[in-house]
Amino acid sequence: MSENPEEGIVLTAEQKRRRRARSIAIALSLGLLVVLFYVVTLVKGPAVLIRPL
Amino acid sequence: MTRPLAPGLTRAQPSLAGVEDYIALLKPRVMSLVVFTALVGLLVAPGHVHPVIGFTALLCIAIGAGASGALNMWYDADIDAVMTRTLRRPIPAGRVQPAEALAFGATLAVGSVLVFGVLVNWFAAALLAFTIFFYVFVYTMWLKRSTPQNIVIGGAAGAFPPMIGWAAVTGDVSLAPVLMFLIIFFWTPPHFWALSLLKCDDYARAGIPMLPVVSGLDETRKQILIYSLVLAPIGVSPTLFGFAGLAYGAVALACGAVMIALAWRVYRERSGPAAPSAAKKLFAFSLLYVFVLFAALLADNMLARLGYGL
């Protein structure tokens, strides 16, 4: 890693790989949360789907 | 182009943490025991819970337990750095910054309780919140560094999961989950003190007042034996109170007898290579003890529901 005030911090290949892995893990976790809320909504209360508009 | 920094400021360094480091912060091995005992609490509770809701409850309990672990590692990073057992954890190893672990743990703690409350029920969510609070504030921040009774009282945090699993189904707490709580509560001291007999120097170097450090090895051996003698009948108590059948009672009785026999060996073997060997055997069996008892409780309950109970 080199630090140049003109360029900012330049990530090494390994740091980029780890950042990408963290980003994918966060995306998968958020995706799971969305799916979980969707499925639980179907399981717990189908009435929420037939409410008046 | 980046603007120059003001004098005295340093630029934030890129994180070196990998996904595996964040998983390590969740203490997955501790989490496995929490999830298993919570699963048993959930499955033996009277009533029906939809599998999706049951899965959601277990997920929230697991994440809540992991959050507690991350917050524990954040607070204990200084003592983890001087103990050989914890030296390679992500924070003392320098791969995760303390602030990252704090943010990670706090987010998961709040998130797991909120999701639990919204998707399962708020009583169980409140129990989970209390468990996290107890582990982080009462055990980690207060008891651990101030009293040799740290793991006795703090052990309550590890004993709550089956109660939370039960509450996820019923929305309340009765005698049966209290008995499951007591089994883990009285199992914790002999389990951890067996480990602390082996890692006494580590705890002394870190300044943690574990029982062997404060009261000596012989007093610890005596306390291990006393707690094992109390644990054995409590292990059988679900049968005595009519909550489990004779099959479970027989397994619990046998496991309790082995636990007492191993604790007696720890009490008797005080020098030479036999002493650490006895402590290692007790530590290993104590892990098996809690898994076997809860597995037997589950099997006994399932057989009774199918009409094959003894």
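**A tour of chain B**

Buried residues (20 or more other C-beta atoms within 10 Å of their own, with C-beta atoms placed from the backbone) make up 47% of the 310 residues in chain B. The model is predicted: local features need pLDDT of at least 70 and side-chain atom pairs count only at pLDDT 80 or more, while totals for chains, interfaces and linings use all residues. Residues are numbered from 1 along each chain as its sequence is written, and chains are lettered from A and ligands numbered from 1 in the order in which they are written.

Select chain B and colour by secondary structure. There are 14 helices and zero strands, taken as DSSP runs (helices H or I, at least four residues; strands E, at least two) numbered from the N terminus.

Next, select 17-172 and 174-310 of chain B: these are domain 1 and domain 2, with bounds from an automatic or database domain assignment. Their C-alpha centres lie 21 Å apart. In contact (C-beta atoms, placed from the backbone, within 7 Å) are 28 residues of domain 1 and 25 residues of domain 2. On the domain 1 side, helix 2 (28-44), helix 7 (150-159) and helix 8 (161-170) of chain B each give two or more residues. Helix 2 gives the most, with seven residues.

Now select helix 2 of chain B. Its buried residues include B:M31, B:V34, B:L39 and B:V44. The buried residues of helix 2 pack against helix 3 (51-75), helix 8, helix 9 (175-198) and helix 14 (274-305) of chain B.

Finally, zoom out to chain B, whose C-alpha atoms fill a box of roughly 75 × 55 × 25 Å along the principal axes.

How values were computed:
Two residues are in contact if their C-beta atoms, placed from the backbone, lie within 7 Å. A residue is buried if 20 or more other C-beta atoms lie within 10 Å of its own, exposed if 12 or fewer, and partly exposed in between; C-beta atoms are placed from the backbone.
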